[in-house]
Each structure stands twice: as structure tokens, then as C-alpha cells.
Amino acid sequence: MSRFNRRTPAPALAASGAPHSPVRSTGQVAATALGAVGRLRDARSELFLLAVANFVTQRTFHEDAAQRDDRYTALVRELAVEDPHWTAGLLGWLRGEGNMRTAALVGAAEYVKARLDAPQASPATAQSQAQAQAQAPSNRQVIDSVLRRADEPGELLAYWTAVHGRNVPKPVKRGVADAVRRLYSASSLLKYDTATKGFRFGDVLNLVHAVPDPAKPWQGELFRYALDRRHHPDSAVLPEGARTLAAHQALMELPVAERRAVVTGPGGAERLAAAGMTWEALAGWLQGPLDAAAWEAVIPSMGTMALLRNLRNFDGAGVGDEVAASVAERISDPEAVARSRQFPFRFLAAYQHAPSLRWAYPLERALGHSLAAVPALPGRTLVLVDRSGSMWSRLSDRSQLNRADAAAVFGAALALRAADADLVEFGTGSAPVPYAAGESVLKVLERFGDLGGTNTTEAVRRHYAGHDRVLIVTDEQAARHRAGDPTEQVPAEVPVYTWNLAGYQVGHGPSGGANRHVFGGLTDAAFRMVSLLEAGREARWPWEA
């Protein structure tokens, strides 16, 4: 994948074992991108915020991709040495509950590299580091913990070899081998072992020498076939009893002229499913476009996210109403939404780009299901949603959804779930956003506008009126104000929660102290933190709660 191919030199380690970086203390005064007085975060808060808000190699309005990537890897390497237990927990959580693939893979590679490169410390320092190391997982375990999909062992190795060279250390090889035993199967080979991958399954097996799992007697033959398929494709022999692979090979051997009839005839959907044929591969196999009949044959074996991505294609091909109704039922099923582990803005993006009204209601329901973790906050709540110019940047180069709409849908959901909330949009100016109890989040979204600058402090001053808490969804790049930062406008005993959607280094106010909290991105875990904090429990990181 292209994002793993940028050769960025790893930050040089200082004598302490940490990368050279400015001295950082919690709350240290700095300037935001728009010149307002802000606060530098401590290293752990900065890394957490950057990791969950960052798509690696994505630029933002105020910071380019290379700067963000370098800052991310420098922080991982610093904390891998200084606090390995915490950093390992972050990386495992990122790939698991956080569902952040690239940040977790890059982070795990840099974590291991930093620990292997750390220079010999003084006896006193060595004893302290030994205690920290004893509490942390091994390098091998950290690598294994972030590999959750069968193409990820190859992606991690592609990153390592592109950035750190072909000499792959044993902890990385062993961690990858552990993941290979968990993840490699006949179906995953068909889906992910393709010519577009920089590291094929056979390349990974050659490099890490994975031993088959004793509990999977079929895996040894699968490994052999993956190696032959990579290096001797013309003579590769299918493993005995591999039904999925045999069914797939039978389809591939059909003459092109006969393939469409097989798909659209009786049992076509079942035959595609038995052969592990994905919708991505189907058009190439048919050597022609997917018409309504082809889509209707492959739809039963498609996952929730694949269905969401193809709603426009379904309509363009003329998929029938009966099949469309089954798609609508599946994408709006609460359990399917939960299993998809997708952030709510995925459903918002699908809603905004769906071509026909038949998808509107099921997508609205799916969005509602995905917001189930939003807390029903008691008392009075002020919710402030940033609609300034910098918020109109896309969430990533791979998404059409912008931060402004993602912030608005979350702000609206928070307000609708709260007992008594004032919902406000702000930019250069600010204004209340009307809503009614039980109203659709998407209907409320239509009432938000584009408000220019980022006068967060003035918005807080104008709309705070003795609320029990203040929630701000923003990129934190506030403009200078004579009255100070936004959080200073709220009494110290009133909690202020900020969701930062961009992960910039400088925040609009202090974080980590009493009643001042900053969360990165818009994950369910971040929303749960509010309830934990207000219940009087100790504020923990999501993987510790």
C-alpha cells in the first residue's frame, strides 16, 4: 500500500533513549494555528489524541501529512522507551476497540524499533527501565496484538522494509508468525493474497518461517499452497479437502462465455458464496460490468460495509425492489451495525451520497444504532459544534465526509440524548441550532451552516449560562480572544469536554487537569469517558477502564 512506502528516517534517539524533542510539560503555553494562546499537551495525551484523530499520511487544514506522521512516530518511539506498558496498551486498543488499522500497525513497528535501538542506560536508570519493561508485553506480543486481518502481516512487513530496511528483527518476525497462525485460512487467502499486494502470503511465510498451528491440521498444506501459488503458480496443487479453494478454482476454469449464465442461473448465489468470490473480484472474473442479476447473486455474501459502499451501484444497475429491501434490512439491523465496528460518520457519508430515497430511512436507522453508546447526560448541557473553515476539510483522503458534518451529527446526537441541552454552532459568530426531542439526527444536521472563523471563546462566553457541563466538538484551532482561552470562560468546578477531530499539537486550553478533558476523534470509548468521569471514578485510558 502506498502509504507504507514513504521512506521517513526514524527520529534519532538521545542518550536517555527518547527521541530528540522539545521539553514538554502539561499546560505549557503555546500558540494555536490561528495565533490564540493555547496549551501544549503532555506526551501521552498528545499521542493518544493524534493517534485516534489521525489517518496516517493524511494532511489537515493547518498541518501537512509528513509533519503529522513524523510527530506520531516520534511520540511512539519516545513513549515506547519511557512508558512501554502504557504505549503497548494504546496500540492494542487502537487496532481493537479503536478500529484504527494504519496508526496501530505503524505504531507497533516504531515501538519495537525504538526499544531495540534504545542505548544502554546508567545502572540507576537501567533498574527503573527494567521495572517498566517487566510490566509491559514483549515486543513480539505487541506486534501480534495489532494484526487483526489477514493482509496486515504483509502490510506491517511492507512498512518495516520500506522505512527500516530488509533486516527484520526476530521479535517482529515472531509476532508476525503468531498472527499468521491465527489469520491465514483458505477464505482469507482468496480475499487478500492478490497480485496488488506488496507482500503476498508466500512472501510473508518465506520471511517469518511461521510454523502451522497444531490445532489446525489443514494449515501446513495451506502454507505450502500459498508458497507454491506465489513462486510456482502454474504448478501449484490445491490442498486435499480444501472445499473453498476447489470451488473457487472450478469457477476460474470456466470459459468466460459461460460464466455469467452460471452466476445468474439457479444456485448462482450459493456457488459464489461457496467459492469465496467477493464482489470486488466478480467483475474481473466476468470480464464485464456487474448488471442487476450479477449484483443480486453476490449481495447475499457481502458484508455490511460492502453493502454501504455500493448503494449507488445497486441503483445504477437496477437491482430489484425485493433485493433492495433485503439490503435495507441488513444495513439497518442493530446487531449488524454493532458487528461492523464502524464509526457513525460512515453511515452519515452513505446517507449523504445515497442516490435514491429507498436507502434514506434504513441509513437513518443505522446511524441511530451506531450512536447507541452516546451517554444520556443528566442536568443541563451546553453542546458547541465548530463550523469554521478548517472544519470543512475531509476526514481523510479516502473519505468524502468532512469534519464539520461529522462534528454536527455527534453534537446533535449528544443534545438529543441529553436530559436538557442547548445545541450551538459557532465559527466567527454563533447561534443556537433548534431541535425537538425524538427528532432525527439527520434532520437536525440540515440546520447547521458554514460560519467562517473559529471564535470559540466568544461562543462559550455568549452561550454558557450556568450549565452543568460544556461539550465542544472542534479541531481546537481557536482564534485569539482578549478574554483568554475557551475553557477559562467556564467556572473551574464545571467540567469542559473537548472532542478534537484533527489531532493538532496545540490545544485551545489545558487538558488532563480537574474538570478539563480532551478526547481524540469520535469513538464510542471517548463518549463513555464522560459517564465514568462524572460518576466520580478515576479517569483512566479506555484500555484501562
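Analyst: Leu382 sits in strand E3, residues 380–386. Strands (E, at least two residues) and helices (H or I, at least four) are DSSP runs, numbered from the N terminus. This is a predicted model, where local features need pLDDT of at least 70, side-chain atom pairs count only at pLDDT 80 or more, and totals for chains, interfaces and linings use all residues. Residues are numbered from 1 along each chain as its sequence is written, and side-chain values use heavy atoms, with hydrogens and water left out.

Is Leu382 buried or exposed? Leu382 counts as buried because its relative accessibility is 0%. Buried means under 20% relative accessible area, exposed means over 50%, and partly exposed lies in between (1.4 Å probe, protein chains only).

Which residues touch Leu382, apart from neighbours within four places in sequence? They are Asp422, Val424, His463, Tyr464, His467, Arg469, Val470 and Leu471. Contact means heavy atoms within 4.5 Å. Take Tyr464, one of these partners. Leu382 and Tyr464 are 82 residues apart along the chain, yet their C-alpha atoms are separated by 6.9 Å.

Helix H19 covers residues 321–331, and its buried residues are Val323, Ala324, Val327, Ala328 and Ile331. Viewed down the axis of H19, they fall within an arc of 145°, so they line one face of the helix. The arc is that of the directions from the helix axis to the C-beta atoms. Glu322 and Glu329 are exposed, on the face of H19 turned away from its buried side. The buried residues of H19 pack against several helices, including H16 (292–298), H18 (311–317) and H22 (360–370).

Now for two loop residues. His209 lies between helix H10 (201–208) and helix H11 (219–231). Gln287 lies in the loop between helix H15 (279–286) and H16. Most residues other than glycine have a negative phi. His209 is not a glycine, but has a positive phi of about 55°. Gln287, also not a glycine, has a positive phi of about 55°. For Gln287 the value is 56%, so Gln287 is exposed.
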